[in-house]
Amino acid sequence: MRGTRAAPAGRPAGEAEPAGLDGLPRPVAAVVGAGGVYGAAHCGVGYALERRGFVPDMIFGTSVGALSGAIAAAHPRGAAARLEAVWTRLRRREVFPFGYLPRRAGVFSDRGLRGLIGRAGLPARIERLEVPFTAVAMDLVTGDQVLLDRGDLESALLASAAIPGVLPPVVRDGRTLVDGGVIAYVPVLAALAAGAASVVVLSTGPEWWSPRPAVPPRRAGAVAVRAGLLLLHHQIERDLREVARQVPTVVMPTGVDAWPAPWDFGHSQRLIDTAALAAGRFLDRLRITGPGLYRDGSASEARA
């Protein structure tokens, strides 16, 4: 675990640092990143956090992280079991069903995602969630980040998860919105701007790893995948380091080294169990000493 070593102001020299997340200054934001099928790991990390009594003061989510974050905001002390019930029953055709789209705005219809949101037991409006919540999307016209923190919850989640070209954009308040992961894969900057004094990041997926040197791929698909991972990795690292210079920024590990294919929903239980164990061990060793970037030096994220 890395971070600055200076004791926070006001703590006498030699006094022990609070264990785990108890040392985080309030308000603390939980930031739930994108990741598609890898979002099952959010559930495992959620178990570790709940078992240690952690309840954030605000939640920010992008793409699949917006759905996970909304469920956590609705049930801040019992979201993990609800998420596990969703992920372990989920199949690809439920999320990405082929269907007729009048303007061909996406390869798949969003009816499966609408059904998933409907079964999640969420309130109709964002303001009715127990913990303040913000879904992050991108304006397809201007490229601006759009923070959805009030109004209709379903359209906010659909917009945040509208992968360009894959799922149809969402028109909301006169703006055409798509997946927030394009501009803020992990929306820590939004949390900082909202006044968070510390941040806990729920991470998923191979894009969090520092890609190892490799022979440049030759096949078109492999070239696109490699470039995409590099782009996301650098965006994530840039944003994390900017925020960590100002407030404690804790990146929860998943412990997952072998990630399934992005369309394979058959590994959810493995991702959940692995992440719960790795995150729990990390929290039990964590000590906060002030602003800085705190992450597990033994898990996959240490490659960053």
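In the predicted model, V250 touches L21, L24, V199, V200, V201, F282, L286, I288 and Y294, when residues up to four places away in sequence are left out of the count. V250 also belongs to the largest nonpolar core, which comprises 67 residues and in which L21, L122, F133, L157, V200, V250 and M252 are the members that touch the most other members. Apart from this core lies another, made up of 22 residues and including F60, A196, V201 and I236.

L157, one of the core residues named above, also takes part in a contact between two helices, in which A66, L67 and A70 of α2 meet L153, L157 and S160 of α6. Helix α2 spans residues 64-74 and helix α6 residues 153-160, and the two pack at an angle of about 150°, with a distance of 7 Å between their axes. The crossing of α2 past α6 is right-handed.

In helix α5, which covers residues 111-119, the buried residues are G112, L113, L116 and I117. These four lie on the same side of α5, because the arc that they cover around the axis is only 135°. The exposed residues G118 and R119 are carried on the face of α5 that is turned away from its buried side. Just after α5, G121 adopts a positive phi of about 70°.

Methods. Residues are numbered from 1 along each chain as its sequence is written. This is a predicted model: local features need pLDDT of at least 70, side-chain atom pairs count only at pLDDT 80 or more; totals for chains, interfaces and linings use all residues. Side-chain values use heavy atoms; hydrogens and water are left out. A nonpolar core is a set of buried Ala, Val, Leu, Ile, Met, Phe, Trp, Tyr and Cys residues joined through side-chain atoms within 4.5 Å. Buried means under 20% relative accessible area, exposed over 50%, partly exposed in between (1.4 Å probe, protein chains only). Contact means heavy atoms within 4.5 Å. Axes are lines fitted to C-alpha atoms, for helices over the stretch in contact, and angles run from 0 to 180 degrees between N-to-C directions. A crossing is left-handed if the near helix is turned anticlockwise from the far one by less than a right angle, and right-handed if clockwise. The arc is that of the directions from the helix axis to the C-beta atoms.
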